[in-house]
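Work through the two exercises below with the sequence and the model in view, and try each task before you read its solution.

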Amino acid sequence: MAKGGCVNGRKRPRGGGGDVEELQGARKRRRLEGGGGGGPSGPRPKEKSSRLSAALFGEDCEISHDQVYELLKYAALGKCHNAAQPSWCRIYHQRYLAGVVVIVLHEMSQLHFYKFYLQFKHLRKVFRHRFTLPPSSANFLASLYGEEANVNPQSTAQGLTSTGSHYIPNSSDLQWDPVIQKYGEEKRGLTSYTLTSEELKKNDYPMKGSPGCENYVYTECDEQRTDSSPLFGLDCEMCLTAKGNEVTRVSLVDAQGQCLLNELVKPENRIVNYRTRFSGITRKILLPVKTKLADIQTRLKKLLPRDAVLVGHSLNADLQALQMIHPSVIDTSLLFARNEGRRFKLKFLAKAVLGKEIQCEQKLGHDPAEDARAALELAQFFIEQGPAKVAELNLEMLLTTERLTEVSQNKSALQLQQNTIQKQLNDPPRLSKPCFLDCLQMTGQKPLLLGRQELDSSGLCQSNLSTSNKQILQRALKDVPLSTFSIIQFNLDPEYVAPHLLAGICEKVRNKLTDMLTIYAGPFDESFCLKSVKKEFARCGPIRSLTVVTETYQPYVCIQYEVLEAAQLAVESLNGAEVAGSCIKVQRPVTGTMLDCDVLITELELDIENEAVIYVAGLKKSFTETDLQEEFSQLKDLEALFLPRDLQSGKHRNCCFLKFQKSESAVDALEVINGWAVKGSRLRSRKALAPGHLWRWIWQMDHSNGKQRGDILCEEKEQQSDSELRKKLKTLDQHIRKLYRSLQNNTLCIVLFPGVNSIHGSQSGLGLMGIKDDGERSAC
């Protein structure tokens, strides 16, 4: 046990292996015993139930994706398949689990949960165990069940989608990948991927002094580029005129994907072929257009800063058509390198790398804004993830698979697919992590995967982006009871949870936290003793800053605490008290965001994770954990003690948290501790407000400098977006409530906010878990 009840030395999940017959036999024995062995069929003795225990109390409550995999593997398979108990928690009587249900809320983080805490009424009152997750990886879903490299030649031949599973080469294979050979394996800044003068010339980019470019317009973006220079996506659509290709539509997007320019252009010469199938341009569309190429050139020069880097797919054709010269370019058709000078199409890259469908056949022509945004996001992915991660995508294999799946499904075509893939793979891939879904399928227990990705009849992931959350819920209510292991995915529209919106949400949460940690006290006499005031308020908890407010008729003090409990304790115990010779009022700042503060405090107290935890302040900093354990040993049902440290200095704070086995014991302890003197130090206490995993996060938010890239919307638009998002999240919480209520008792349920990891910033994820019991609350 680590200090505060957290677990150190967390182990990696053990390897798979094991015997399928043993697993089948064990499940048969369970059915004979009446246990059901983790499936919905067969009666189960009422007196037998599973129980979940987790030592998640204290400041170190971050659980890795591998550790979540450990838990899910053991819950799904038990000991019969050499699955070990997780290193960070324990499932008692695993064989009596009715099933495992994982709910994934894509693109959402711990930040979203606590920003919209009141909207998640069900989640915060049901799941007793919570933990922090590291920001999501590109293949978060696969990391949950070990599917990261789960493809063999036969399954590949059956067809894969880019958002599903795919073959990951081992390290010795990577060295031959054209991306690695061109850029190496290490991550680099964007300047490493801009085209050199030689590359510009070789790929027919317009350049100063080049033949035919004498009258081209220079963007005048001639400042030195750095790795923080802004990226802009550019794409044009052309029609064929008597003179050649001429621009008829131009789109420019910024690094956040916002469209800065999307303009139709009237060509100078007569159009001989509109190329409507690709350009989307018709005679009728261009008829009222007055904008000329010179107008677009002027606008582009004004929009682009002096150190702008343009991103596009085969951007040389666009710049030639625009008759413009720009010195700094990232060309995604060259960035995602292939052998022998071949290039991937933008449509394929968008699907394979980003999981996005563009240039759909249902649309009339290409959308240049969509293409510009796709190229930009591809470059951002490459820069952020690095060449090694791009090489692991094995794009050549995905392209081959995509082409082969287009072949008719007769026997000869299928045989051709298998032969082709067999030649490319040669040897089966090495599994980086055993996939326990295979074991379930081999014993006749088909896993259920609903939402953004779904399992087809062959057990492979298929993309399904159009399904609504309501449809997913309806299918889950019907299908989850029939499956022993289910992953249900919900997601919101990108306009609500896009990574570039993180900055605005983060700023709001930081401001609200600051207000909740701050109190004002006064009035005091002109000659009051500041030292005695600080000493009195420090008895409520660690103080971050104390300043005197002199703008008022009589002086006040502004105190910012480091923990929520300290500020609330000061308001409750010192409001109306006599401090430094004055009868004072203690209150929090009055702002728009603080109007629901009392409601939020009440709900935090009622949070199931806090119901048996109390906060104790007024400790001397010289106290050690051993001293406190001796002093509090007489308290009934005391389970754990957490003594927070300053995360910069490492020193103990003058407060602690006590966790009890029963909420009644926590209430009794409050009556005992208030006014209790420990070695000359008089204590104050109250119910806890911040769950154990949240303490470090609050400290980091409060001490962060606020530098996060992204959009902060105008106030009116921001309020509207917030209001709509609250409604969406409230509905999502209700969906989870309905699904949870439909589960059998003894079902392990885990809700995951994967977190966000993008160029706009990263935010930790959040996990909530419990085993459903008869009382509609998670078993502790």
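**Exercise 1.** How are α15 and α16 oriented to each other?

*Solution.* The model is a predicted one, in which local features need pLDDT of at least 70, side-chain atom pairs count only at pLDDT 80 or more, and totals for chains, interfaces and linings use all residues. Residues are numbered from 1 along each chain as its sequence is written, and side-chain values use heavy atoms, with hydrogens and water left out.

Begin with the angle: helix α15 (residues 346-354) and helix α16 (residues 368-385) pack at about 50°, and their axes are 10 Å apart. Angles under 35 degrees count as roughly parallel, over 145 as roughly antiparallel, 65 to 115 as roughly perpendicular and the rest as oblique, and α15 and α16 are therefore oblique to each other.

Next, look at the residues in contact (heavy atoms within 4.5 Å): Leu346, Leu349, Ala350, Val353 and Leu354 in α15 meet residues of α16, among them Asp371, Glu377 and Phe381. The residues of this contact divide into nine nonpolar, no polar and two charged.

**Exercise 2.** Which strands stand at the edges, each with a single partner strand?

*Solution.* First write down the order of the open sheet of four strands, which is β24-β25-β23-β28 with antiparallel pairing; two strands pair if DSSP finds at least two bridges between them. The strands at the edges are β24 (638-642) and β28 (684-687), so one side of each is left without a neighbour in the sheet.

Definitions and conventions. Axes are lines fitted to C-alpha atoms, for helices over the stretch in contact, and angles run from 0 to 180 degrees between N-to-C directions. Helices (H or I, at least four residues) and strands (E, at least two) are DSSP runs, numbered from the N terminus. Ala, Val, Leu, Ile, Met, Phe, Trp, Tyr, Cys and Pro count as nonpolar, Asp, Glu, Lys and Arg as charged, and the others, Gly among them, as polar.
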